[in-house]
Amino acid sequence: MTDQDAMEREASARMTAEGAPPTPSAAERPPAASGGDEITARWHEIQATFVDDPRAAVEQARALVAEAVDRACRGLQGRRDDLNSQWSAGTPSTEDLRTTLQGYRALLDRAHTIEI
């Protein structure tokens, strides 16, 4: 049996009665993307720190989350500002307005899907 087979069997065994995979707990889920690799690496370091110094791990986690939230906010605000400048100056064409509206929709979808 290969490692892949073992992983598939384990995943199958964890299926719920309805056939859907179980939802991982917050502790099991890795951090989301957007600076992902660096954030994920730092998160793993924080988790490893917890065993020897739980308070320091929580302080580091707080700082990492603050940084990630600030980064996400800056990214969303920057995209919003770009969209605002595409149509607010001068007389944009209908096509410019259409693509800007699509951009606003994509940004709204992105902002709306952030779990709080």
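Biologist: In which helix is confidence lowest in the protein chain, and in which is it highest?

Modeller: This is a predicted model, and in the protein chain confidence is lowest in helix H1, residues 3–13, at a mean pLDDT of 46, and highest in H3, at 96. Over residues 1–9 the pLDDT is below 50, and beyond near neighbours in sequence that stretch has two contacts in the model.

Biologist: What about residues 11–31, how many contacts do they have beyond four places in sequence?

Modeller: The model has 11 such contacts for residues 11–31, where pLDDT stays under 50. Where pLDDT is low, the predicted coordinates should not be read in detail.

Biologist: What share of the contacts join residues at least 24 apart?

Modeller: That share is 35%, taken among contacts in the protein chain between residues at least 6 apart in sequence.

Biologist: Let's go to H3, how far does it reach from its first C-alpha to its last?

Modeller: H3 reaches 50 Å with its 35 residues, which is close to the 51 Å expected at 1.5 Å a residue.

Biologist: Which residues of H3 are buried, and what do they pack against?

Modeller: Ala56, Ala57, Ala61, Leu64, Leu76 and Leu83 are buried in H3, and the buried residues of this helix pack against H2 and H4. Just after H3 comes Gly90, which takes a positive phi of about 75°.

Biologist: Which residues make up the largest nonpolar core?

Modeller: The largest nonpolar core has five residues in all, namely Ile39, Ile46, Ala57, Ala61 and Leu64. Helix H2, residues 36–52, and H3 each supply at least two residues of this core, and H3 gives the most, with three.

Biologist: What is Ile46 in contact with, leaving aside its neighbours within four places in sequence?

Modeller: With those neighbours left aside, Ile46 is in contact with Ala57, Gln60, Ala61 and Leu64.

Biologist: Then what does the rest of H2 look like, which residues are buried there and which are exposed on the other side?

Modeller: Gly36, Ile39, Thr40 and Ile46 are the buried residues of H2. Seen down the axis of H2, they fall within an arc of 115°, so they line one face of the helix. On the other side of H2, Asp37, Glu45, Ala48, Val51 and Asp52 are exposed, while what covers the buried residues includes H3. As for its length, H2 has 17 residues and reaches 25 Å from its first C-alpha to its last, close to the 24 Å expected at 1.5 Å a residue.

Biologist: Now H4, which of its residues are buried?

Modeller: In H4 the buried residues are Thr100, Gly103 and Leu107. They cover an arc of only 55° around the axis, which puts them on the same side of H4. These buried residues pack against helix H3, which runs over 54–88, whereas Thr94, Leu101, Arg105, Leu108 and His112 are exposed on the other side of H4.

Biologist: How many residues does H4 have, and how far does it reach?

Modeller: H4, residues 94–112, has 19 residues and reaches 26 Å from its first C-alpha to its last, close to the 27 Å expected at 1.5 Å a residue.

Biologist: Last one: where is Ile114 placed, and how far is it from Ala72 in space?

Modeller: Ile114 has its place in the segment after H4, and although Ile114 and Ala72 are 42 residues apart in sequence, they are 9.9 Å apart in space, C-alpha to C-alpha.

Biologist: And why does Ile114 count as partly exposed?

Modeller: Ile114 counts as partly exposed because its relative accessible area is 43%, and partly exposed covers what lies between the buried limit of under 20% and the exposed limit of over 50%.

Key. Residues are numbered from 1 along each chain as its sequence is written. This is a predicted model: local features need pLDDT of at least 70, side-chain atom pairs count only at pLDDT 80 or more; totals for chains, interfaces and linings use all residues. Side-chain values use heavy atoms; hydrogens and water are left out. Helices (H or I, at least four residues) and strands (E, at least two) are DSSP runs, numbered from the N terminus. The expected span of a helix is 1.5 Å times one less than its number of residues. Buried means under 20% relative accessible area, exposed over 50%, partly exposed in between (1.4 Å probe, protein chains only). The arc is that of the directions from the helix axis to the C-beta atoms. Contact means heavy atoms within 4.5 Å. A nonpolar core is a set of buried Ala, Val, Leu, Ile, Met, Phe, Trp, Tyr and Cys residues joined through side-chain atoms within 4.5 Å. pLDDT is the predictor's confidence in each residue, from 0 to 100.
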